[in-house]
Amino acid sequence: MSIRLHSEGGAGEVTGSKHILSVDGARCLVDCGAYQGKREVAEAKNRALVPDPESLSSVILTHAHFDHCGMLPLLAKRGYRGNIYATPATRDLAGIVMMDSAAIQSRDAEYLGKQAAKKGQKFTWQPLYDEEDVITAQGQFVTVSYHRPMPIGDGIKIEFFDAGHILGSSMVYTHARDRSGREVTIGFTGDLGRKNKPIIRDPEPLPPCDYLVLEATYGDRLHESVDEALDLLAKVVNDAVARNGKIIIPSFAIERTQELVYYFHVLHDQKRIPEIPIWVDSPMAINATSIFQIHPECYDSDIHEAFIKHHENPFGFNSLHFSASVTDSKRLNDLKGPAIIISADGMCEAGRIQHHLMHIVEDERNTILIVGFMAEHTLGRRIRDREKELRIHGDIYRLKAHVEEIKAFSAHADYQEVWDWMQLLDLARIKKVFLVHGEPKSLQHQSDFLRSKGVKDIQVIRYGERYDL
Ligand SMILES: [Zn+2]
């Protein structure tokens, strides 16, 4: 008779989340995320470190980010045929994210195959999974809305609570009962969001838990307040318009782009920015936006008040345009006068954003607006660090455009916000807090901070180590 917890990813690191709750040996996997980072390293880990599908009795997905859902198709490919529990919006968004990954991998395979053939080399690299595997995984989803307790077998009952991180994101309140009748409740936060984010609701409190599995992405950092985002965005736009310049925003396709569109809609309605064309230039962002439109059950009260009651679409207005085709995208280079272009990739490493940057970086009237995390060694990071010269597609460009950064957009709670949320919980009931999803420095600081607030028993989860609950 046993109830145990261990992690096979996302322990002492931020990507590759895979946490396993075992009840009398039956294993329930919470998230099956991809490792991200340096390509070869990430790929080798993704290939090697997927739990044995035979050993799993169920899978739960907290939200649709790639580092949480990215390896579900590989699990399906290797023979997992059980259920994947998620909210309806998470199922839909994860479908786009997994399919995008399969498409990128098949394009890479084709490209690398051709390169190898040119050199007369044998090519053996295989994608981790393809579109068929994504479709198999999609067929295994069982959707469960927020606040609908659901027995999932093997002595486990789950209930989703809103994590306030991205559309459909959930915390999993888990009730486990072993054969001896012993009962334990565990709260998995998944990625914990922030209060006052646009579109989505604030993170909810969880019911009383014996154990909490808590994320610590920003365990050592404090963010700008979410409330400042609108004012800062208006200023960047008006400054650029005064210079008759364009604004290019590298943005992740899911959540960040829809937030920007929503903010621009509000600023436009309040006449705080002039009527200039706003373009969303990313096929994945366009697909994701259509998913946002069909999930009003995830919206917060502001969006209901402002838009739903007035039958307005919060993600569409007069000066907003979407460009799905490559021809449309190229045409944006000929736009005369001020315009806003939101495009992917979020870190400027690939995709259409690079073409836009080539056209605008050398003109000091223009602005590049950074709204997300830029990892080391990426073009986005070099722009953020205002390096004088940038290499894009093999050519050198001088960076003369203005570079602005708004940090208020983060989707993860910082350490103070984590503590603010924890105070909504029954802290006396919690026997132990397990920390996951953070770099070692963040985990250490989050742990020290919580201890300073009186939380006594904290365990930073170590990869593969088993903890009896
Ligand atoms: Zn996330």
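Which strands and helix make a right-handed β-α-β unit? In this predicted model, where local features need pLDDT of at least 70, side-chain atom pairs count only at pLDDT 80 or more, and totals for chains, interfaces and linings use all residues, the unit is made by β3, helix α1 (residues 39–48) and β4. Residues are numbered from 1 along each chain as its sequence is written, and side-chain values use heavy atoms, with hydrogens and water left out. Helices (H or I, at least four residues) and strands (E, at least two) are DSSP runs numbered from the N terminus; right-handed means that, with the strands pointing away from the viewer, the path from the first strand over the helix to the second runs clockwise.

Strand β3 (residues 26–30) is largely enclosed by the rest of the structure, because 5 of its 5 residues are buried (under 20% relative accessible area, with exposed over 50% and partly exposed in between; 1.4 Å probe, protein chains only). A26, C28 and V30 point one way from β3, and R27 and L29 the other.

Turning to the metal site, the zinc ion has H63 (NE2), H65 (ND1), H165 (NE2) and D191 (OD) as protein donors, 2.2 to 2.3 Å away. Donors are N, O and S atoms within 2.8 Å of the metal (3.2 Å for Na, K and Ca); water is not among the atoms, so sites may look incomplete. H65 is partly exposed, at 23% relative accessible area, whereas H165 is buried, at 0%.
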